[in-house]
Amino acid sequence: MFSPVLAKVTIARDNKVQFTSKCFSVNNVRTVSDTKRTFYNIHTRPINSIYRRVVEELMVEMHLLSVNVDFRYDPIYALGVVTSFDRFMQGYTPEKDKVSIFNALCQAIGDEPQKYRQDAEKLIAFAQSMSPQDLVACLSQVSLPAHASDIQEHLVALANNPSFKYSRLFAIGLFTLLEIAGPDFVKDDQQRTEALQKISAALHLPVDKLLKDLDLYRSNLEKMAQARAVLEDALRAERKKREERLQSKGNVANPPSTFKL
């Protein structure tokens with residue numbers, strides 16, 4: 001008689017190597033804590049005030065994508081990462097630390113920061129060479145210019161991948177391309193929404209989520225600009241107080257001399 005118990009044992013034995021391998025893989029998935037530890041081992045200087053939250057939120061987002069089985073790195077995602085970092089880190093001092101922070105973000109998840117920057121620069125140059133209407137046609141795979149062979153291959157693969165892992169950073173990359181091609185174009189709510197809907201339909205992206213993610217992104221940029229302005233005002237006020245204290249101490253240390261006949 002066929003025994004279900006024996007069958008299970010046989011299957012377990014037959015799949016022993018595969019099962020052990022899977023367990024090893026799961027047990028060794030990098031955690032958020034691992035990524036943060038690696039980041040702070042690479043970038044050892046403290047991160048200033050309001051920017052710390054920006055960096056850590058971006059780090060966690062990149063980490064969660066990197067350990068997702070359906071996620072695949074692509075140039076549009078890279079442009080989203082680079083754009084998010086550069087815009088939210090505007091005004092950071094010391095300026096030279098921004099390079100170290102960005103490098104550490106990428107290296108903490110096992111990626112190469114130069115690859116992100118290079119892929120982003122190529123897409124920026126591509127978008128600069130097109131009108132927003134032509135770019136929308138290209139991203140929608142309606143009309144592809146001769147110099148779009150690289151991105152065409154990527155778009156076709158993306159549209160035909162049912163397991164494509166959509167992300168907010170990918171949406172920001174798409175928006176950045178449109179913004180570069182036509183800054184005024186994306187300021188028009190109707191034009192922007194219609195373009196993103198057309199692109200999303202062609203690439204099988206979740207359009208409602210994409211639009212919400214981009215609305216939140218644009219709103220957060222405004223909030224960050226306001227926070228920077230408040231911080232700059234506070235720093236100016238503090239510098240003024242410090243200068244006044246120094247001046248006051250100087251006056252006490254060197255009182256005006258009196259002259260008597």
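At roughly what angle do the axes of helix α3 and helix α4 cross? In this predicted model, the axes of α3 (residues 32-42) and α4 (residues 49-66) cross at roughly 130°. Helix α4 also takes part in the lining of the largest pocket, to which it gives six residues. The points below treat the helix pair and then the pocket.

**The pair α3 and α4**

- The axes of the two helices come within 10 Å of each other.
- The crossing in which α3 passes α4 is right-handed.
- On the side of α3, the residues in contact are V32, T35, K36, F39 and Y40.
- Their partners in α4 are R52, V55, E56, M59, V60, H63 and L64.
- Sorted by class, this contact of α3 with α4 comprises seven nonpolar, two polar and three charged residues.

**The largest pocket**

- The largest pocket holds about 470 Å³ of space.
- Its lining consists of 15 residues, and those nearest the centre of the pocket are R53, V54, E57, F88 and N220.
- Two or more lining residues come from each of α4, α5 (75-88) and α13 (207-253).
- Helix α4 provides the largest share of this lining, with six residues.
- By class, the lining of the largest pocket has eight nonpolar, two polar and five charged residues.

Notes. Residues numbered from 1 in each chain as written. Predicted model: local features only at pLDDT ≥ 70, side-chain atom pairs only at ≥ 80, totals over all residues. Heavy atoms only, no water. Axes fitted to C-alpha atoms, helices over the stretch in contact; angles between N-to-C directions. Helix = DSSP H or I, 4+ residues; strand = E, 2+ residues; numbered from the N terminus. Left-handed = near helix turned anticlockwise from the far one by under 90°. Contact = heavy atoms within 4.5 Å. Nonpolar A, V, L, I, M, F, W, Y, C, P; charged D, E, K, R; others polar. 1 Å grid on protein atoms, 1.4 Å probe; cavity = no way out; pocket = protein on both sides within 12 Å on 5 of 7 lines; lining within 4 Å. Points joined across faces, edges and corners; volume = space filled by probe spheres on them.
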